Structure formats: structure tokens, C-alpha cells
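This report goes through a single protein chain, from overall dimensions to individual residues. Please keep the sequence and the coordinates open while reading.

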Amino acid sequence: MSEPTGWDRRLSVVADGKGLIGHAGAVLLRRLADRTGLTSALAPVLPAGTGAGWRDRAVVVVQLAVAIVLGAANLSDAEQLQAHHQGLFGATVSDSTTRRTLAAMDAEVLAKIARVRARVRRHVWSLLHLRPGGFPWLTIAGKHLHRWVVIDMDATIITAASKKQGAAATWKKSFGFHPLAAWCANTGECLAMLLRAGNAGSNTVADHIRVLREALAQVPGASTAKILVRADGAGATHGLHEHLRDLNTMRRTVRFTTGWTITDEDEKAIARLPERAWETSIKQDGSLQEGYFVAELSGLNRREGWIKGMRLIVRRVKPSGRHTKDLTAFEKKTGWKYSITATNISRMARIPGSHQIQWLDVLHRHHAVVEDQVKANKAMGLHNLPSKSWQINQAWMLSTNLAADLDAWLRLLTLHDHPDLAHAEPDTIRFRLYHLPARLAKHARRRWLRIEHTWPWANAFTTAWRRLTDLPAAT
């Protein structure tokens, strides 16, 4: 038996504390929703009522989004978190009230909320342009994509442990849902998400076009002049490529990169490539990636029916052990694993060298950041859909997107100069900021939320609050 260390001598644990607030980061998120105009903008589009017990539905939705950021995985969790914050935000919203609010969000209400999100996002993006350093334009392999808004599309699987409306067997042999979404790579915001049944197709053109249309509607008008859309192989369809081509106008330039499913005809074209056609690939920082090679396949592959000017960039790597069972006969013969990127980029305005195949390859590979966004969204309420009702689950999904907006906006607007928080994942920022305990006190006719001054991120917390207070209010 080990000897006691003595740390617990004369220690008693009781549950009689007063004025204590856990998850104090809720004040930052709620303050952000109010200052950006999200709370007030939601009020006119949600059901209104009268009576002493009626709860403002805009506040219900915002409080749910805040609870989701803090870690709530269902409506009961959200109620318990709000009960803990009564000293800050007033009476708790019950889970039944929240459920009724979500149940009232039909297609018409969801469309109105989408327009509200776009209006608030326009205000937030105008604030981002005023930050030191300005709007977060991407830099890839040393090339700055100034004024290019990058939209990444991807689908994911949300498993279901019980029978729910729309839950079905998925292509991954699991059971649940197969939503499709679009994220802004510049800001990390989820611009649009479509809830789909588990057996929905991966490359359904109509779904991709719908999600892309809704995502573009979220991009402020002043930022739609240059759009880059990236997708994996599910986006390599005639319909989507043609739609992306047709989005180009005198005032808007749309470029894309998508994956590509390799066929026998592609392999025959690859076989005709001379060895001198292969160039060494580059990494995200622009340095050479020895052992990885890319080549232009466009002139050798003349498959009919695809849009004019489309380029095919082929990449080869030595196969790893996990690739062995998936190799084709051609790949086994050559000893290389191949992948192809399709793009309509001949060059991008004011980006020298943007026509080069090495850079186009790394530009598409940067699309992999969407996996981090999918992971973050699942950690923020999308790991499981909480209801048997399709409509409630749709509304829950929207609430998780609002939660993702709040989390992204807080980091972009107030924590941009804190390297360890500016790009923090949900679990990290919860530990460091959102779950910080505090004591709520009253003095001199004011309420004071006091946090421990020795906490390493205490200054970041107070700085975020001060910057939120200084934000110009939305008009």
C-alpha cells in the first residue's frame, strides 16, 4: 500500500458554492452573437408569441448554438449548461422549448435563417478586412491567393445507433446519414450543409450544385469576384464541371480542381508519357518533395464530353503497404500509385506561376484541410443527430453550423494574434478558454466575472471580451 502524500489532509468536498460559473467562455460567444447582430437578426424570422412564459426564439437558438460550442451533444446537455449560467443569461430554456423551436423550422424558416446568416457574415467579413493583416487570404506553396475565396466541398458519414428518419445503410457499410457540405478554406466557416439519407450517392450532381449554390449565397457580394472550388473525386462529373464553367461571368471568375477516377483509358495515356515529362512535386511550403512526381496528361487523354480547356494533372508515388491491395494491374507493373486532378485553371490572375503543374498539384492537395473542418464540425455537435425527426435533425444541423460560425468568428476577430488559439481545434479551445471557471460577483452596482489570474490564457480571455465590446455594432 502506497504512502499518502498529504495533499488531501483536512480537505472536505461540499456542493454549497455560490456565484460560481463553469464554462465561462459562454459570455464571449453570447457577446459575439449580440455584437455581430446575429441575435437581433434572427428574431424577425422565427415564430413570435406572447405571454409571461414565452421565450424569445432568437435567444433560444443562439443559446443552443453557444451550448453546442461548449460541448452539448443533445438538448438535455444544452438545458443543463444553461441552468448553470442563469446568473449570466437569465432563466433556463428547457429542452422541450428548444425542441419545439427546432420543430418549427420548416423549409421556409430555414431559408430565411440562411439569408440572415449571409447578412451577418457580410458584416463579420467587413470587420475581418479591418484587422491587422486584413482578411485571411490563403498562401499555398509561397503563392498568395489575394482576393480568392476558396470553397472546399466534401461529404461525410454521421452514424446512427437507432432508427431515425432518413437513416440508412451507407456506402461505408455503416448506418446513418450522408450529409454534403461546403466550407470556406479562408475562414474555416461551414457555409452550407445538406442533410441527406445514408444511402445518398457520393457524386450526385444535383446535390453538389445545390450545396454550392447555397454556399455562394453565403459569400458577401464584394468577395465573389474570384472563387476557387475544390472537391474530391465525387466532384468529377460532367454536370458539376459544366455548372462551374457556366458560373463564370464578366464580373466573376470561377476556377476549380477536383479529383478524378482513373480508367483504363487514363492508364494508357499515362503509359505514353515520356520519363522527361515527370517533374518533382513540391510541398505546401514550396520546397521539393523528393520521390513524388507530377506530369501533364491533358494532351494525351482525349476523352470526349468534358468541358473545353480542362486539364488533367497526374501524380505518381511509390505505393505504401496500405495501398498494396488496391493497386491495378498497370500500377503493379509500373511500381507506382497514380492519382489525377482535373482543373480548368490555365492561370490565375496576378499569381505568377499559377499555370505550373507542380503548383496546381499542391493547390489541390491543400484541399485535404477540409478533413480538419469535417472533424471540427463533428466535435461541435455533428457526431450524432439527437432526434428521430428529420426536421428536428435538420434544424439541429443548422444550429451546429451557427455554433461553428461563432467559434470561427471569435477566433478570427479576437484571437488572431494568439498563435496557440487562432487555429485551435474544438477540444483545445474548450480546455484553454471556453471551459474556464469563474466567480460571478456584484460590486458597486455592477456584476463582475472574475477568472483566475494565474491561468495561462486569462489574458486572452479578457482581451477577447474587450475586443468584442469594441466591435462596431451591426446596422
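Strands here are DSSP runs of E with at least two residues, and helices are runs of H or I with at least four residues; both are numbered from the N terminus. The model is predicted.

## Overall dimensions

The secondary structure of the protein chain amounts to 17 helices and 17 strands. Along the principal axes, its C-alpha atoms occupy a box of roughly 80 × 60 × 50 Å. The radius of gyration is 25 Å, which agrees with the value near 23 Å that a compact globule of 475 residues would have.

Of the 475 residues, 51% are buried. Among contacts between residues at least 6 apart in sequence, 68% join residues at least 24 apart.

## Asp152 in strand 4

Strand 4 covers residues 149–155 and contains Asp152. Is Asp152 buried or exposed? Its relative accessibility is 2%, so Asp152 counts as buried, the cut-off for that class being under 20%.

The side chain of Asp152 has a polar contact, at 3.0 Å, with the side chain of His367. Neighbours within four places in sequence aside, the residues in contact with Asp152 are Ala181, Ala182, Trp183, Ala185, Arg230, His367, Val369 and Val370.

An open sheet of three strands, paired in the antiparallel sense, has the order 1-16-17. Strand 1 (20–21) and strand 17 are at the edges; each has a single partner strand, so one side of each has no neighbour in the sheet.

Strand 16 (residues 438–443) and strand 17 (residues 446–451) form an antiparallel pair over six bridges. Within this pairing, Arg439 stands opposite Arg450 of strand 17, and His443 has Arg446 as its bridge partner. The hairpin of strand 16 and strand 17 has two residues between the strands, and Ala444 there adopts a positive phi near 55°.

Helix 16 spans residues 426–434 and includes Arg430. With a relative accessibility of 8%, Arg430 counts as buried. Which residues are in contact with Arg430, leaving aside its neighbours within four places in sequence? They are Ile68, Val69, Leu70, Gly71, Ala379, Met380 and His435.

Phe431 is also in helix 16, but at 52% relative accessibility Phe431 counts as exposed. The cut-off for exposed is over 50%.

## Aromatic pairs

A pair of aromatic rings is described by the distance of the centres and the angle of the planes. With ring centres within 6.5 Å as the criterion, the count comes to 10 aromatic pairs. In one of these, the ring centres of Phe431 and Trp457 are 6.4 Å apart and the planes stand at 70°, so the pair is edge-to-face. The pair links distant parts of the chain: Phe431 belongs to helix 16, while Trp457 is in the loop between strand 17 and helix 17 (458–470), 26 residues apart.

The two partners fall into separate accessibility classes. Trp457, at 15% relative accessibility, counts as buried, whereas Phe431 is exposed. Elsewhere, one aromatic cluster is formed by Trp125, Phe135 and Trp137.

How values were computed: Residues numbered from 1 in each chain as written. Heavy atoms only, no water. Pairing = 2+ DSSP bridges. Buried < 20%, exposed > 50% of the residue type's maximum accessible area, 1.4 Å probe, protein only. Contact = heavy atoms within 4.5 Å. Polar contact = N/O pair within 3.5 Å; in protein donor to acceptor, adjacent residues only side chain to side chain. Rg over C-alpha atoms; globule rule 2.2 N^0.38 Å. Phe/Tyr/Trp six-rings, centres within 6.5 Å; stacked < 30°, edge-to-face > 60°.
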